Amino acid sequence: MQTTNQKKKAWSLQDVILLAIIAIFFGIIYQLWGYTYYALAATPLKVYANDATLGVWIMAGPLAAILLKKAGASVIGEVLAATVEMLLFSSWGAANLISGLIQGLASELGFTLTAYKNWGALSLTLATITSTIVTFAWDLFQSGYAAYNFALLVSLFIIRLLSIGFFAGLLVYLIKALLNKSGLVR
């Protein structure tokens, strides 16, 4: 016999469907957002393109987490959205899956820090911070940021924090509030 607490932790068909909808929706957004990245990268602001646009590519994970209120939802949501983006012939190909996994784990870490007991502004703030730190550390090696001077690294970090904070923090929080108000999600 399952207790109410066990039922809350178990994944229902409704949870899986909502996760699939989030993944498809954001996979399409991610693919389209690539054009914004390339437009910015074609300007003298090229060095800032990745950090300024990254916040959008992290949105699926936190949204999945705060809507489903389940451990692992952030990782699964982000990896599935990255998979959809890849299947839409993203210019980054299979590297999307690695990025999606790192971004999902980074976001998940923020929810883990509250022991999965807070699904509001605090957990989104922590997810913003952990996503910024983890993805920035990844880019130090993967994208060659380690070769940049300290002042540039600081400016890139701040731009990334603002991008993730706005898109994967504030905007996700507002989307959740609108969905709650509409009654579309529980």
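## The main core

The largest nonpolar core holds 28 residues, and Ile22, Phe26 and Phe111 have the most contacts inside it. Five helices, H2, H4, H5 (73-87), H7 and H8, each supply at least two residues of this core. H4 gives the most, with seven residues. This structure is a predicted model.

What does Phe26 touch, leaving out residues up to four places away in sequence? Its contacts are Met59, Ala60, Leu63 and Ala81. In soluble globular proteins, nonpolar side chains tend to be buried together.

## A second core

A separate core has five residues. Among them are Phe136, Tyr145, Leu153 and Leu156. Leu153 and Leu156 are also listed among the buried residues of helix H8.

## Helix H8

H8 runs over residues 150-182, 33 residues in total. From its first C-alpha to its last, H8 reaches 46 Å. That is close to the 48 Å expected at 1.5 Å a residue. Where does H8 bend? The bend is at Gly165, by about 30°.

Look at both ends. At the start of H8, a side-chain oxygen of Asn149 comes within 3.1 Å of the backbone nitrogen of Ala151. After H8 comes Gly183, with a positive phi near 85°.

## The buried residues of H8

The buried residues of H8 are Leu152, Leu153, Leu156, Arg160, Ser163, Ile164, Phe167, Ala168, Gly169, Val172 and Lys176. An α-helix has 3.6 residues a turn, so residues three or four places apart point the same way. What covers the buried residues of H8? The cover includes helix H2 (13-41), helix H3 (49-53), helix H4 (60-68) and helix H7 (121-142).

## Two loop residues

Ser90 sits in the loop between H5 and helix H6 (95-112). Is Ser90 buried or exposed? Its relative accessible area is 9%, under the 20% cut-off, so Ser90 counts as buried. Setting aside neighbours within four places in sequence, Ser90 is in contact with Gln31, Glu85 and Asn96. The side chains of Ser90 and Asn96 are joined by a polar contact of 3.1 Å.

Ala42 lies in another loop, between H2 and H3. Why does Ala42 count as exposed? Ala42 has 68% relative accessibility, and exposed means over 50%. Along the chain, Ala42 and Ser155 are 113 residues apart. Their C-alpha atoms are separated by 19 Å.

Note on methods. Residues are numbered from 1 along each chain as its sequence is written. This is a predicted model: local features need pLDDT of at least 70, side-chain atom pairs count only at pLDDT 80 or more; totals for chains, interfaces and linings use all residues. Side-chain values use heavy atoms; hydrogens and water are left out. Helices (H or I, at least four residues) and strands (E, at least two) are DSSP runs, numbered from the N terminus. The expected span of a helix is 1.5 Å times one less than its number of residues. The bend at a residue is the angle between axes fitted to the seven residues ending there and the seven starting there. Buried means under 20% relative accessible area, exposed over 50%, partly exposed in between (1.4 Å probe, protein chains only). Contact means heavy atoms within 4.5 Å. A polar contact is a pair of N or O atoms within 3.5 Å; within protein, one must be able to donate a hydrogen and the other to accept it, and residues adjacent in sequence count only if both atoms are side-chain atoms. A nonpolar core is a set of buried Ala, Val, Leu, Ile, Met, Phe, Trp, Tyr and Cys residues joined through side-chain atoms within 4.5 Å.
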